[in-house]
Amino acid sequence: MRNLLSDSFEISKGEQAPGNVDIELGLQGDTASSAQPGFKGFFEQVREIEKLLETLTKLLKDLQNSNEESKVVTKPATMKEIKKRMEKDVNEVTKVARLAKSKLEQLNKENLANREKPGFGKGSGVDRSRTTTTVALTKRLRERISEFQALREVIQTEYKEVVERRVFTVTGERADEETIDRLIETGDSEQIFQRAIQEQGRGRVLDTLQEIQERHDIVKEIEKKLLELQQVFLDLSVLIEAQGDTLNNIEAQVTNAADHLQTGTNHLQKAKVLLKSKRKWTCIAIILLLIVVLIVVLSLKPWSWGNKNA
């Protein structure tokens with residue numbers, strides 16, 4: 001499989017790994033990822049999934065271009081060549097999507113295992129980073145599959161329009177909806193073109209018959225393969241929901257911890273104020289006590305006792 005990622009995702013031997021990299025983008029280098037506790041092998045797996053997503057993007061564009069090209073083709077040989085190309089691409093799509101899903105499931109399992117290690121439990125910075133990155137990648141894969149499903153619908157719609165034009169070109173008449181639907185379903189255009197074959201000869205209509213058959217085969221193949229992605233899409237939706245619940249629980253725990261920390265800080269502030277107040281009143285009490293003692297002493301006039309005795 002070709003490496004479709006840009007070289008910017010790789011850190012060269014002479015460069016230092018960046019100290020502050022957005023892990024959701026999976027751009028961390030080998031050195032940095034192995035140096036950071038709790039991320040051993042994580043970013044290498046992220047880059048592998050990124051490459052698979054890039055491959056799906058490339059395959060989607062190739063299929064879209066092939067579909068556009070097929071709309072103006074009238075020669076059966078050319079249509080056959082496009083058919084082979086599209087079949088190869090759509091087979092690759094199914095394989096790559098399943099592989100990416102498998103790697104995401106493995107990454108999710110490793111996130112859960114990593115959470116059991118000391119210091120990396122639920123709510124820790126490492127756990128939040130790993131979970132957020134995995135959720136983001138899973139959503140991106142699901143979006144890619146949605147784009148292929150949308151392409152399948154476009155191909156089916158445009159296929160019907162092309163068949164209608166071919167029938168009108170050969171017969172000079174517009175076929176009814178039922179006839180077009182039957183042709184799309186079976187690919188058998190012999191019966192529909194019987195009159196044209198009798199009037200023009202089978203040789204003149206043969207190219208159109210073959211071109212419609214080739215087009216029918218590729219549309220059915222694409223429909224079959226891309227429908228297989230529906231199960232992958234559903235599996236990803238379940239995985240995202242589970243990851244989302246985990247992420248929400250983690251964020252809730254972090255929020256609760258922050259609330260508890262703030263409450264504790266408030267209590268400490270109040271205790272500090274009370275302590276200051278207590279010290280203040282203690283000092284005032286001591287001063288008042290000294291003043292009272294002084295007043296009592298002065299009122300007794302102990303210095304005059306000696307004169308009286310004399």
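Me: What makes the crossing of α3 and α4 left-handed?

Reply: In a left-handed crossing the near helix is turned anticlockwise from the far one by less than a right angle, and in a right-handed one clockwise. α3 passes α4 in the left-handed way. This is a predicted model, with residues numbered from 1 along each chain as its sequence is written; local features need pLDDT of at least 70, side-chain atom pairs count only at pLDDT 80 or more, and totals for chains, interfaces and linings use all residues. Side-chain values use heavy atoms, with hydrogens and water left out.

Me: Why are α3 and α4 called roughly antiparallel?

Reply: Their packing angle is about 160°, with the axes 10 Å apart. Angles under 35 degrees count as roughly parallel, over 145 as roughly antiparallel, 65 to 115 as roughly perpendicular and the rest as oblique. The angles run from 0 to 180 degrees between N-to-C directions, and the axes are lines fitted to C-alpha atoms, for helices over the stretch in contact. α3 and α4 are therefore roughly antiparallel.

Me: How do you know what to call the pair α2 and α4?

Reply: The axes of α2 (residues 42–70) and α4 (residues 125–171) come within 11 Å and cross at roughly 10°. That angle makes α2 roughly parallel to α4. The crossing of α2 past α4 is left-handed.

Me: What makes α4 and α5 roughly perpendicular?

Reply: α5 covers residues 177–186, and α4 packs against α5 at about 110°, with their axes 10 Å apart. That angle is therefore labelled roughly perpendicular. The handedness of the α4 and α5 crossing is right-handed.

Me: How many helices and strands does the protein have?

Reply: The protein has eight helices and zero strands. Helices are DSSP runs of H or I with at least four residues, strands are E runs with at least two, and both are numbered from the N terminus.

Me: Why is Leu-60 called buried?

Reply: Buried means under 20% relative accessible area, exposed means over 50%, and partly exposed lies in between (1.4 Å probe, protein chains only). Leu-60 has 8%, so Leu-60 counts as buried. Leu-60 lies in helix α2. The C-alpha atoms of Leu-60 and Arg-144 are separated by 8.5 Å, although the two are 84 residues apart along the chain. Of the 310 residues of the protein, 36% count as buried.

Me: Why is Arg-142 called partly exposed?

Reply: The relative accessible area of Arg-142 is 26%, so Arg-142 is partly exposed. Arg-142 lies in helix α4. From C-alpha to C-alpha, Arg-142 and Ser-237 are 7.5 Å apart in space, and they are 95 residues apart in sequence.

Me: How do you know that Asp-127 and Arg-115 form a salt bridge?

Reply: A salt bridge needs a side-chain nitrogen of Lys or Arg within 4 Å of a carboxyl oxygen of Asp or Glu. For Asp-127 and Arg-115 the closest N and O atoms are 3.0 Å apart. Asp-127 lies in helix α4 and Arg-115 in the loop between α3 and α4, so the pair ties together parts that are 12 residues apart in sequence. Asp-127 is buried at 1%, and Arg-115 is buried at 12%. Side chains of opposite charge can pair when their charged atoms come close.

Me: What makes Glu-105 and Lys-101 a salt bridge?

Reply: Their N to O distance is 3.7 Å. Both lie in helix α3 (residues 76–114), four residues apart, about one turn of the helix. Glu-105 is partly exposed at 32% relative accessible area, whereas Lys-101 is buried at 15%. The structure holds 13 salt bridges.

Me: Which residues are linked in a network of salt bridges?

Reply: The network links Glu-68, Lys-71 and Glu-158.

Me: Why is Ile-295 called exposed?

Reply: Ile-295 has 51% relative accessibility, so Ile-295 counts as exposed. Helix α7 (residues 202–300) holds Ile-295. Together with Ile-287, Leu-288 and Ile-291, Ile-295 forms a nonpolar surface patch with about 370 Å² of accessible area. Patch residues have over 30% relative accessible area and no salt bridge; nonpolar side chains (Val, Leu, Ile, Met, Phe, Trp, Tyr) are joined within 5 Å, like charges within 9 Å. Accessible areas come from the Shrake-Rupley method with a 1.4 Å probe, and for residues only the protein chains shown count as cover.
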